[in-house]
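Dear colleague,

Please find the structure below, with the sequence beside it. A description of what was found follows directly after it.

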There are 2 protein chains.
Amino acid sequence: MTEAAAINAVMRTLADPTRRAVFERVVKSNEITVVELTRGSGVTQGAISQHLKSLKLAGLVAERPEGRNVYYRAEPEGLAPLVDWMSHYGVFWRERFANLRTLLKEIDP
Amino acid sequence: MTEAAAINAVMRTLADPTRRAVFERVVKSNEITVVELTRGSGVTQGAISQHLKSLKLAGLVAERPEGRNVYYRAEPEGLAPLVDWMSHYGVFWRERFANLRTLLKEIDP
DNA sequence: CTAATGCATTAGTCAACACTAATTTTATCG
DNA sequence: CGATAAAATTAGTGTTGACTAATGCATTAG
């Protein structure tokens, strides 16, 4: 996948609020099943599975089948295209770099 | 505009490749007019104006009318919701923080 | 003043897509 | 073996949205 295609896929995948909410729940959970994701999502199980498929194709989540359940987890490399894009247009970060500094301290104290 | 609405607007606005390309050209130019943006964009002038309207509503660009021309420039605060969102789900940045460190050095040497 | 230029806006069209309901598949439980 | 449960998939539907062509509206040029 080329660079432009990657950022395209990630942006497009995260643009939908429902799908982004699914991703956020996957991030916050270490591992989470489809039924758990469906609960309180406001959409049907089929919709959740479709969103998970999109997220998987974009490289944002990965799956681990176990018996009847399929556990989903976030894929660390998935957001890299977005980070790269923001690095490239990072002139905008200047006014926010205090936040980044704080974040870096949390990451690598 | 609430936090969720802001990230929603930015993500949604940048999801379209054509519109994102317009934004990138605005970023790279200090100021740029609509005709210049239209040239080589592959779409009509009307489409460019529509994309600029979306970008403006999302807070990503600002305009400066001057005579017949309207000069567009990037709005620094516009990407803040995206930065905040990535900070919040920044667990993924760990594998990339070397890049961020380099970027920070460029910003604040 | 008239023509031309830059930009915005409108109406209409076509494709993409998020969703539901239903079905299928696979796997566990009694 | 049924029966149940988790998950994926399919077909069908409604909506959104990106685009064009055309028009409108200023502003500058001749």
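**Surroundings of DNA strand C**

DNA strand C is surrounded by 25 residues, and the closest are Arg12(A), His51(A), Val35(B), Ser49(B) and Tyr72(B); a residue is near a molecule or strand if one of its heavy atoms lies within 4 Å of it. Of the atoms of DNA strand C that come within 4 Å of the protein, 68% belong to sugar and phosphate.

Please note that this is a predicted model, in which local features need pLDDT of at least 70, side-chain atom pairs count only at pLDDT 80 or more, and totals for chains, interfaces and linings use all residues. Residues are numbered from 1 along each chain as its sequence is written, chains are lettered from A and ligands numbered from 1 in the order in which they are written, and side-chain values use heavy atoms, with hydrogens and water left out.

H4(B) supplies the largest share of the surface near DNA strand C, namely five residues. Helices and strands here are DSSP runs numbered from the N terminus (helices: H or I, at least four residues; strands: E, at least two). By class, this surface has six nonpolar, 12 polar and seven charged residues. Ala, Val, Leu, Ile, Met, Phe, Trp, Tyr, Cys and Pro count as nonpolar, Asp, Glu, Lys and Arg as charged, and the others, Gly among them, as polar.

**Surroundings of DNA strand D**

Around DNA strand D there are 25 residues, of which Val35(A), Ser49(A), Tyr72(A), Arg12(B) and His51(B) come nearest. Sugar or phosphate accounts for 70% of the atoms of DNA strand D within 4 Å of the protein, and bases for the rest. The side chain of Tyr72(A) has an N or O atom 2.4 Å from a phosphate oxygen of DNA strand D, and a polar backbone atom of Val70(A) is 2.9 Å from a phosphate oxygen. For Asn69(A), a side-chain N or O atom is 3.0 Å from a sugar or linking oxygen. With five residues, H4(A) gives the most to the surface near DNA strand D.

**Within chain B**

How do helices H1 and H2 of chain B pack? Their angle is about 100°, with the axes 5 Å apart; axes are lines fitted to C-alpha atoms, for helices over the stretch in contact, and angles run from 0 to 180 degrees between N-to-C directions. H1(B) is therefore roughly perpendicular to H2(B) (65 to 115 degrees).

Thr33(B) lies in the loop between H2 and H3 of chain B. Thr33(B) is buried, with a relative accessible area of 6% (buried means under 20%, with a 1.4 Å probe and protein chains only). Its side chain forms a polar contact of 3.1 Å with that of Glu36(B).

How values were computed. Parallel < 35°, antiparallel > 145°, perpendicular 65-115°, else oblique. Polar contact = N/O pair within 3.5 Å; in protein donor to acceptor, adjacent residues only side chain to side chain. Buried < 20%, exposed > 50% of the residue type's maximum accessible area, 1.4 Å probe, protein only.
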